[in-house]
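Colleague: I have a few questions on how the labels for this chain were assigned. Please set each value against its rule.

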Amino acid sequence: GRGPSAPLGALLRAALGHRRFLSVLLIFAGSQMAFMVITVAAPFIAVRLLGGGEADVARIMAPFLATAIPAFLVAPALSRRFGWERVVVGASLALAVVYAGAGALGEAWLGTPMTTAMAVFACGGPMAAVILALEAEAITACAREAGGEVVSLYFGVFNFLVKALNGVAAALTGLLVTLSNQVDGFTTAGVRLMPVLAGVLLVIGCLGYAAARPARGRR
């Protein structure tokens with residue numbers, strides 16, 4: 001059954017048997033893992049690519065937050081206009097491009113390397129905000145499609161699996177940190193691969209979404 005007293009394995013099978021929810025889980029897991037990678041990578045980007053200190057993490061993250069806040073406000077309107085699925089896929093792919101571009105930071109494309117990094121992170125803020133803003137709507141829509149009585153179950157399964165996958169993302173980033181610290185000639189390359197990894201995870205999430213998403217009219 002799907003009741004709260006059912007075994008965890010049964011709850012997972014019931015939720016993951018709903019293909020639309022599985023597709024939603026995959027695309028948002030990709031984005032959540034990417035956010036984890038960037039969170040871990042930010043201090044290394046500030047120090048090893050930009051030549052600053054750990055305090056400079058705030059300088060590159062501030063533009064990200066500044067552009068994210070307005071995007072939270074417009075996300076519901078975008079969802080109504082285009083549908084949350086199109087918006088989330090588009091935002092995920094666009095953010096993947098931004099993160100992949102962050103792998104080349106350290107160049108002075110706009111003024112200094114620091115201002116370049118601030119501009120790149122500012123470009124990512126709106127997409128990240130839209131993804132986060134529409135996450136709950138997507139899960140709730142899946143629960144409604146399944147009958148509306150499994151909202152808490154779907155959120156529980158989502159949070160459980162995303163937390164587990166975030167651990168995987170942290171481990172992968174930690175591996176790059178280790179290689180960066182211990183392998184000669186890999187000091188900056190390991191850091192550059194961190195945002196690239198984040199971009200790859202976003203793309204994998206979108207591909208998983210496309211593969212799992214049911215045909216129209218099916219669930």
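Modeller: Start with burial. Buried means under 20% relative accessible area, exposed means over 50%, and partly exposed lies in between (1.4 Å probe, protein chains only). Note that this is a predicted model, where local features need pLDDT of at least 70, side-chain atom pairs count only at pLDDT 80 or more, and totals for chains, interfaces and linings use all residues. Residues are numbered from 1 along each chain as its sequence is written, and side-chain values use heavy atoms, with hydrogens and water left out.

Colleague: Why is Asp56 called buried?

Modeller: Asp56 has a relative accessible area of 16%. The limit is under 20%, so Asp56 counts as buried.

Colleague: What makes Asp56 and Arg59 a salt bridge?

Modeller: A salt bridge needs a side-chain nitrogen of Lys or Arg within 4 Å of a carboxyl oxygen of Asp or Glu. The closest N and O atoms of Arg59 and Asp56 are 3.6 Å apart. That is within 4 Å, so the pair qualifies. Arg59 has 42% relative accessibility and counts as partly exposed.

Colleague: How many salt bridges does the structure hold?

Modeller: The structure holds 4. One of them joins Glu145 and Arg20, with the closest N and O atoms 3.0 Å apart. Glu145 lies in helix H5 and Arg20 in helix H2 (residues 19-49), so this pair ties together parts that are 125 residues apart in sequence.

Colleague: How do you know which of these two partners is buried and which is partly exposed?

Modeller: Arg20 has 11% relative accessibility, so Arg20 is buried. Glu145 has a relative accessible area of 33%, so Glu145 is partly exposed.

Colleague: What makes Glu85 and Arg213 a salt bridge?

Modeller: Their closest N and O atoms are 2.8 Å apart, so the pair meets the 4 Å rule. Glu85 lies in helix H4 (residues 84-102) and Arg213 in the segment after helix H7 (187-212), so the pair ties together parts that are 128 residues apart in sequence. Glu85, at 17% relative accessibility, counts as buried. Arg213, at 34%, is partly exposed.

Colleague: Which residues are linked in a network of salt bridges?

Modeller: Arg20, Glu85, Glu145 and Arg213 are linked in one.

Colleague: Why does Glu135 have no salt bridge?

Modeller: The nearest side chain of opposite charge is Lys163, and Lys163 is 9.3 Å away. The rule asks for 4 Å, so no salt bridge is counted. Lys and Arg count as positive, Asp and Glu as negative; His and the chain ends are not counted. Glu135 is buried and sits in helix H5 (residues 113-145).

Colleague: What does Glu135 contact, then?

Modeller: Contact means heavy atoms within 4.5 Å. Leaving aside neighbours within four places in sequence, Glu135 is in contact with Phe28, Gln32 and Phe158.

Colleague: How do you know that Ser79 is buried?

Modeller: Ser79 has 7% relative accessibility, so Ser79 is buried. Ser79 is in helix H3 (residues 57-82). Not counting residues up to four places away in sequence, Ser79 touches Trp84, Val87, Leu134 and Glu137.

Colleague: Is Leu197 buried or exposed?

Modeller: Leu197 is buried, at 17% relative accessibility. Leu197 is found in helix H7. Beyond four places in sequence, Leu197 is in contact with Val37, Leu172, Thr173 and Leu176. Leu197 and Ala100 are 97 residues apart in sequence, yet 7.8 Å apart in space, C-alpha to C-alpha.

Colleague: How many helices and strands does the chain have?

Modeller: The chain has 7 helices and 0 strands. Helices (H or I, at least four residues) and strands (E, at least two) are DSSP runs, numbered from the N terminus.

Colleague: Why does the radius of gyration agree with a compact globule?

Modeller: With 219 residues, a compact globule would have a radius near 17 Å; the chain has 19 Å, which agrees. The radius is taken over C-alpha atoms, and the globule rule is 2.2 Å times the number of residues to the power 0.38. Of the 219 residues, 45% count as buried.
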